[in-house]
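My entries follow in the order I made them.

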Amino acid sequence: MTLEHQADGTPGDRQKTYRIHNIAVPARPLEPALYLVATPIGNLADITLRALETLAGADVLACEDTRVTRVLLDRYGIVNRPYAYHEHNADEAGPRLIAALEAGKSVALVSDAGTPLVSDPGYRLGQAAIEAGHRVIPIPGPSAPLAALVGSGLSNDTFLFAGFLPSKDKARRDRLAELATVPATLIFFESPHRIAATVAAACDVLGETRRASVCRELTKTFEEFRRGTLAELKTFYDEGATVKGEIVFVVAPPDAPAPPKEEDVDALLSALAKDMSTGKAATEAAKRTGLNRKDLYDRLLELKARDGA
């Protein structure tokens with residue numbers, strides 16, 4: 001791989017423009033930095049203007065698959081040669097990209113789809129650039145986890161992106177068990193040939209009534225959101241449904257635990273007060289129940305007054 005020359009000569013010789021509706025738009029010069037550019041996850045119209053300008057203006061353009069990126073560049077009339085950077089050549093390509101930054105060049109990094117560094121080896125390049133003292137500039141845009149989250153109909157005030165689940169059934173179930181009580185909507189990437197097994201495992205581990213959404217082919221022609229309880233989704237995939245395309249699996253957070261009964265709280269306070277001061281007993285009860293310490297303190301005083309303690 002030679003970074004010093006683009007398809008049409010040196011970086012300064014090529015035409016740094018992008019095309020919008022057959023109108024050529026000049027790309028402004030970029031300062032030396034590593035630009036992490038989000039690209040469409042399906043529909044090429046989802047690209048941002050800032051992303052187009054960055055792809056056109058970058059001295060060096062690194063990507064996961066040059067064939068995939070070339071389709072995007074051709075769609076918007078960008079004359080820039082993409083260079084491969086992926087998990088199989090990161091040890092070789094990464095240092096060369098850092099060397100380009102050292103030489104004062106602007107380097108843009110894209111994945112095949114979505115936001116770089118999310119479940120791809122771009123994290124290593126970003127980390128290396130930061131450690132070497134270079135600016136790392138995110139160019140935000142499409143993201144499959146966020147698209148799935150907002151389209152799932154599930155709670156989105158708190159969420160956890162957990163990447164891919166393990167492929168082995170026991171490891172998959174163990175990981176789900178670790179996440180079972182996390183008070184957040186869970187987001188996973190999944191492959192079509194494993195989604196049935198993953199839904200079945202989630203149903204067994206997380207509970208039949210927990211709601212979920214299988215989000216398939218986001219922004220593409222056959223986009224689909226299949227929503228329901230985990231039991232309902234398990235039944236659908238158990239019936240041998242043919243599944244194709246890229247999938248994001250979204251699972252609702254667990255239901256909030258029921259508050260402890262008043263008589264149980266009173267029993268706990270009385271038991272703790274036998275060996276602790278009122279203040280310490282209230283503090284310990286608050287830890288165990290999640291209730292307000294002051295309320296527990298006042299309740300314990302009431303119990304002691306009632307019992308003549």
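Entry 1, conventions. I take axes as lines fitted to C-alpha atoms, for helices over the stretch in contact, with angles from 0 to 180 degrees between N-to-C directions. Helices (H or I, at least four residues) and strands (E, at least two) are DSSP runs, numbered from the N terminus. The model is predicted, so local features need pLDDT of at least 70 and side-chain atom pairs count only at pLDDT 80 or more, while totals for chains, interfaces and linings use all residues. Residues are numbered from 1 along each chain as its sequence is written, and side-chain values use heavy atoms, without hydrogens and water.

I looked up helix H7 (residues 195-206) against helix H8 (residues 230-238). Their axes are 9 Å apart and the packing angle is about 150 degrees. That makes H7 roughly antiparallel to H8 (under 35 degrees counts as roughly parallel, over 145 as roughly antiparallel, 65 to 115 as roughly perpendicular, the rest as oblique). H7 passes H8 in a left-handed crossing. Left-handed means that the near helix is turned anticlockwise from the far one by less than a right angle; right-handed means clockwise. Which residues of H7 meet H8? They are Ile195, Ala196, Val199, Ala200, Ala202, Cys203 and Leu206. On the H8 side I found Leu230, Ala231, Leu233, Lys234 and Tyr237. By class, this contact has 11 nonpolar residues, no polar and 1 charged. Contact means heavy atoms within 4.5 Å. Ala, Val, Leu, Ile, Met, Phe, Trp, Tyr, Cys and Pro count as nonpolar, Asp, Glu, Lys and Arg as charged, and the others, Gly among them, as polar.

Helix H9 (residues 262-273) packs on H10 at about 140 degrees, with axes 9 Å apart. The two are therefore oblique to each other. Their crossing is right-handed. From H9, Leu268, Leu269, Leu272 and Ala273 meet Ala281, Glu284, Ala285, Arg288 and Thr289 in H10. I noted 6 nonpolar, 1 polar and 2 charged residues there.

The axes of helix H10 (residues 278-289) and helix H11 (residues 293-307) come within 8 Å and cross at roughly 125 degrees. That makes H10 oblique to H11. This crossing is right-handed. The H10 residues in the contact include Thr278, Ala282 and Ala286, and those of H11 include Arg293, Leu296 and Lys304.

What is the strand order of the open sheet? I read E5-E4-E6-E3-E7, 5 strands with parallel pairing. Strands E5 (82-84) and E7 (136-139) stand at the edges with a single partner each, so one side of each has no neighbour in the sheet. Neighbouring strands are turned by 30 degrees on average, direction ignored. Strands pair if DSSP finds at least two bridges between them; E3 (residues 34-37) and E6 (residues 107-110) have 3 bridges. Tyr35 stands opposite Ala108 in E6. Helix H2 (residues 66-75) lies across E4 (60-63), E5 and E6, at about 165 degrees to E5.

Gly245 lies in the loop between H8 and strand E12 (247-251). Is Gly245 buried or partly exposed? Gly245 is partly exposed, with a relative accessible area of 27% (buried is under 20%, exposed over 50%, partly exposed in between; 1.4 Å probe, protein chains only). Beyond neighbours within four places in sequence, Gly245 contacts Pro192 and Glu217.
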